[in-house]
Amino acid sequence: MKALEKSRPAPGLWQVDAPVPEIGPDDVLIRVKKTGICGTDIHIWNWDDWAARTVPVPLITGHEFAGEIVEMGANVSGLSVGQRCSGEGHLIGRDSRQSRAGKFHLDPETRGIGVNEPGAFAEYLRLPAFNVVPLPDAVDDEIGAILDPLGNAVHTALSFDLVGEDVLITGAGPIGIMAAAVARHVGARHVVITDVNPARLDLATQVADVIPVNVAEQDLAEVQARLKMREGFDVGLEMSGNQGALDQMVENLVMGGRIALLGIPPGKSPVDWSRIVFKAITLKGVYGREIFETWYKMIAMLENGLDVRPVITHRFAAADFARGFEVMRSGMSGKVVLDWA
Ligand code: NAD
Ligand code: ZN
């Protein structure tokens with residue numbers, strides 16, 4: 001089969017001919033139809049410090065996918081050949097305290113497809129049947145291929161009650177933009193999204209009814225005044241990984257405000273903790289998606305009018321993957337989807 005592999009410890013990915021994976025009794029084999037390129041894949045392409053420490057070579061990469069089940073292991077029940085599906089890319093253990101409590105997304109032994117284990121940038125993917133998420137007709141393959149990052153957005157956005165609240169999202173990357181769409185969908189009052197990249201802010205307004213703010217030019221205090229907000233944002237969703245953005249968020253939050261942190265800072269970063277203490281702010285770190293609660297919620301919202309399709313700005317045949325990565329690396333795109341059909 002065709003696959004995209006990190007074949008050697010250097011920048012880039014290479015198209016290779018690889019054997020179709022053999023499945024075990026608890027696995028399914030999925031014919032991959034569409035895949036999304038993630039920021040994580042860009043780290044792996046660039047071969048930065050994190051990637052060099054984390055990713056074994058050679059490895060088939062990619063973890064955002066939709067496809068169809070073509071083969072099932074002997075123990076698999078409740079699924080069928082021909083079933084359209086996406087799936088959770090985190091492979092979890094079952095022995096930890098959190099896993100045994102049913103909080104699968106908190107299992108410390110988690111391994112990621114396309115990061116630690118063979119991934120989805122391939123014509124076929126082996127996945128434990130447990131990880132399969134069947135897709136209803138309302139969710140087509142290209143949306144199915146971005147459920148992984150949509151899940152990050154949904155998990156973060158649903159961390160706190162947003163009904164009637166004023167929400168500040170820092171970072172209008174694909175995930176921040178989708179989180180803005182979710183905040184709108186679930187009934188926030190004002191949704192303000194910040195970035196320093198005008199193209200990203202433009203895209204945000206095409207995906208959701210949000211107020212874009214370029215923090216390189218505009219002051220959030222003025223934006224609050226314009227919106228007739230008096231005491232600050234109720235909830236912050238940090239989706240940039242930028243230290244300045246977190247400081248700005250704390251500054252613009254109401255007393256007792258709540259912040260969900262998804263963005264990953266590049267290393268240790270200084271935080272003005274006394275501001276956080278004196279403002280009595282709640283901070284929640286967010287990792288991945290809740291398995292499988294986030295999947296249920298996001299598919300239900302997609303069936304009920306949540307539309308994130310405009311966040312997909314580029315579509316390429318899998319053979320043109322290099323162009324897809326180039327667009328993603330430029331920072332001028334939303335989601336980029338590769339077609340394996
Ligand atoms: P992205 O890099 O495409 O988007 C980040 C955006 O933040 C960019 O548009 C950038 O211009 C913007 N930005 C930079 N400085 C800013 C500032 N001072 N204020 C406001 N915006 C600023 O990333 P993404 O794919 O949308 O992911 C969002 C973040 O979530 C990233 O940090 C990513 O690493 C992280 N992430 C975390 C998890 C997790 O499980 N915790 C999963 C996926 C992604
Ligand atoms: Zn991803």
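Let's start at cysteine 38, which counts as buried at 10% relative accessibility. By buried I mean under 20% relative accessible area, while exposed is over 50% and partly exposed is in between, using a 1.4 Å probe and protein chains only.

Quick housekeeping. This is a predicted model, where local features need pLDDT of at least 70, side-chain atom pairs count only at pLDDT 80 or more, and totals for chains, interfaces and linings use all residues. Residues are numbered from 1 along each chain as its sequence is written, chains are lettered from A and ligands numbered from 1 in the order in which they are written, and side-chain values use heavy atoms, with hydrogens and water left out.

Back to the metal. Which residues are the protein donors of the zinc ion (ligand 2)? They are Cys38 through SG, His63 through NE2, Glu64 through OE and Asp148 through OD, lying 2.2 to 2.6 Å from the zinc. A donor here is an N, O or S atom within 2.8 Å of the metal (3.2 Å for Na, K and Ca), and water is not among the atoms, so sites may look incomplete. Along the sequence, the spacing of the donor residues reads C-x24-H-E-x83-D. Cysteine 38 sits in the loop between strand 3 (27-37) and helix 1 (39-46), and glutamate 64 is in strand 5 (residues 64-72), so this pair ties together parts that are 26 residues apart in sequence. Helices (H or I, at least four residues) and strands (E, at least two) are DSSP runs, numbered from the N terminus. Glutamate 64 is buried too, with a relative accessible area of 0%.

Why is the arrangement around the zinc ion (ligand 2) irregular? The four donor atoms subtend angles of 90 to 159°, which makes it so. The rule is that four donors are tetrahedral if all angles lie between 85 and 135 degrees; four are square planar and six octahedral if opposite donors are over 155 degrees apart and all others between 65 and 115; anything else is irregular.

Next, the overall layout. The protein is divided into domain 1 (2-146 + 308-339) and domain 2 (153-285), with bounds that come from an automatic or database domain assignment. Their centres, taken over C-alpha atoms, are 29 Å apart. The contact between them takes eleven residues from domain 1 and eleven residues from domain 2, where contact means heavy atoms within 4.5 Å.

Now the inside. The largest nonpolar core has 53 residues, and the members touching the most others are Leu147, Leu150, Ile169, Ile193, Leu237 and Val308. A nonpolar core is a set of buried Ala, Val, Leu, Ile, Met, Phe, Trp, Tyr and Cys residues joined through side-chain atoms within 4.5 Å. Helix 6 (174-185) is among the elements that each supply at least two residues of this core, and helix 6 gives the largest share, seven residues.

Three strands form an open sheet in the order 2-1-4, with antiparallel pairing; strands pair if DSSP finds at least two bridges between them. Strand 2 (14-17) and strand 4 (59-60) are at the edges with a single partner strand each, so one side of each is left without a neighbour in the sheet. Strand 1 (residues 2-6) pairs with strand 4 over two bridges, and glutamate 5 stands opposite isoleucine 60.

Most residues other than glycine have a negative phi, and most peptide bonds are trans. Here, a cis peptide bond joins valine 57 and proline 58, with omega about 0°, and proline 58 is in the loop between helix 2 (49-54) and strand 4. Another cis bond joins isoleucine 291 and phenylalanine 292, omega about 5°.

As for phi, tryptophan 47 has a positive value near 55°, and lysine 228 has one near 60°. Buried or exposed, that tryptophan 47? Buried, at 15% relative accessible area, whereas lysine 228 is exposed at 68%.
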